[in-house]
Each structure stands twice: as structure tokens, then as C-alpha cells.
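The sequence and structure come first.

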Amino acid sequence: MQHKILLVEDDTAISEMVKGQFMKEGFEVTQAFDGEEALEVFRSNTFDLILLDLMLPKLDGMEFLKIIREKSMIPVLIMSAKDGDLDKALGLGFGADDYIAKPFSMIELTARVKAAIRRATHYSRTEQKQETKHLTAGDLTLDLDNFSAQKNGKEIKLTAKEFQILKLFISHPSRVYTKAQIYSLIWEDEYYGDENVINVHMRRLREKIEDDPSKPQYIKTLWGIGYKLGEF
């Protein structure tokens, strides 16, 4: 099966380099050079993953991501020269699955893309096969059949990654996970030591599920070690 990538990058040289690499790997690559073009292409085609630059003309990468996330959970990997924590937080907060800073290694980019597609394919197959199941922790309930979450009967809107992280902890209530283990299990990829990805996801998850995110009860921090589920 040939996987399809939407490559959204306004720098022609970078776009051609990335396209060439993934075509050699057997991917079908469609290029878009601004946000509006990318949106039009996305709405009229089916893709397995989006490689997205942030600094785009006409419609920037963040706005593009925000729009497609309203209807699609397609894997999105941000590639950008803006390597600050704020940009990572914003990108991941809008629902990006991963982030790689320019200049990047083509080997690492290829590995991350393949891992993201592999995760999405596995997640889709699991969703199709699963019977209706629920996990609970305190006032939280996870519906594994439709990948939804509720707290005190009210729906909590979680991204796919946030849902998987919460499911991991509730499924193994006594286990402590390091950041490297969380990344390996949820992203199914080698941990590159970039704590920002885990920190951003954990902070946003706590903002959604905790009564007081500064004093978390559901996911506890064990300083210098990692995280574990609170006791209920």
C-alpha cells in the first residue's frame, strides 16, 4: 500500500528535497506552497499524513491546522525553523502529533513520519475491532469504543494523544512512567530527549481533567522519576 503525504512548505528547495526523499521511500507526495492551497488540496483528497511548515503565506500553518482539526485526526508533523517553546506549545496544543526543528536530518524526519503513520494505522484497526469498553478513575470515564472522555458526566474534548496518555495511566494505575517511556509507548518512536513534547501534552491534559492543574490529583508527578495515576 502506497501511503500519501501532503507536504505544505513554501520554501521550494526544502519542499523538493523532502519530496524527493519520500518518493524514494515509496510514498506518494502532494505539494502545497501556501496555507490556502493546502486547505483546498486537503479537502479534495485523502492523505495518510501532513508535513506542515508554520511560516506560510496567505494562511499560516497554525490556522491551517486549527481548521483541519475540526473534522480530521490525520497525523500532522510540524517542521519549522521556529524552535521556541511557545511555538511547540501552540503547535501541539492545536493537535499536532510531533514537531521537528529545521534544519533537520532527513533520516530522523523519515523515521518520525513512518512511526506516525504506523501509529495511526494501528489506532484505526484497534478502533474497528474493539468492543464497547470503559475505563474509570475517580470522576473520569474513558469510552474506548468511541475514544471519548467524560468527567462527572460531562464530555471532555481530548486530542488523540491526550486520550492515549490518559488511557495508559488508567489502564496501569500502579505503574510509574518516565517521560522516555511515555514517548516510546504513545509515539512508538525513539525518545530524542526533547521533553517539550511530553511537557506540553501533560500540561494541556491536566488543564482539561484536573480541578486545579497546579495541584494535580489524577496524574501525579514523581519529581526526578516520572508520572503515575493518583489513588482513588
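## Terms and basis

Buried means under 20% relative accessible area, exposed means over 50%, and partly exposed lies in between (1.4 Å probe, protein chains only). Helices (H or I, at least four residues) and strands (E, at least two) are DSSP runs, numbered from the N terminus.

The model is predicted: local features need pLDDT of at least 70, side-chain atom pairs count only at pLDDT 80 or more, and totals for chains, interfaces and linings use all residues. Residues are numbered from 1 along each chain as its sequence is written, and side-chain values use heavy atoms, with hydrogens and water left out.

## Helix α7

Helix α7 spans residues 179-186, and its buried residues are K179, I182, Y183 and I186. Viewed down the axis of α7, these buried residues fall within an arc of 95°, so they line one face of the helix. The arc is that of the directions from the helix axis to the C-beta atoms. An α-helix has 3.6 residues a turn, so residues three or four places apart point the same way.

Just after α7, E188 has a positive phi of about 50°.

## L168 in helix α6

L168 is part of helix α6 and counts as buried, at 10% relative accessibility. Leaving out residues up to four places away in sequence, L168 is in contact (heavy atoms within 4.5 Å) with Y177, L185 and I186. L168 and I186 are 18 residues apart in sequence, with a C-alpha to C-alpha distance of 8.4 Å.

## The sheet β6-β7-β8-β9

Four strands form an open antiparallel sheet in the order β6-β7-β8-β9, where strands pair if DSSP finds at least two bridges between them. At the edges are β6 (134-137) and β9 (154-156), each of which pairs on one side only. From one strand to the next, the twist averages 30°.

β6 pairs with β7 (residues 140-143) in the antiparallel sense over four bridges. T136 has T141 of β7 as its bridge partner.

Helix α6 (residues 160-171) lies across β6, β7 and β8 (148-151), and runs at about 110° to β7. Axes are lines fitted to C-alpha atoms, for helices over the stretch in contact, and angles run from 0 to 180 degrees between N-to-C directions.

## D34

D34 sits in the loop between β2 (28-32) and α2 (35-44). At 11% relative accessibility, D34 counts as buried. A polar atom of the D34 side chain lies 2.7 Å from the backbone nitrogen of E37. Apart from neighbours within four places in sequence, D34 is in contact with V8, P57 and K58.

Technical notes. A polar contact is a pair of N or O atoms within 3.5 Å; within protein, one must be able to donate a hydrogen and the other to accept it, and residues adjacent in sequence count only if both atoms are side-chain atoms.
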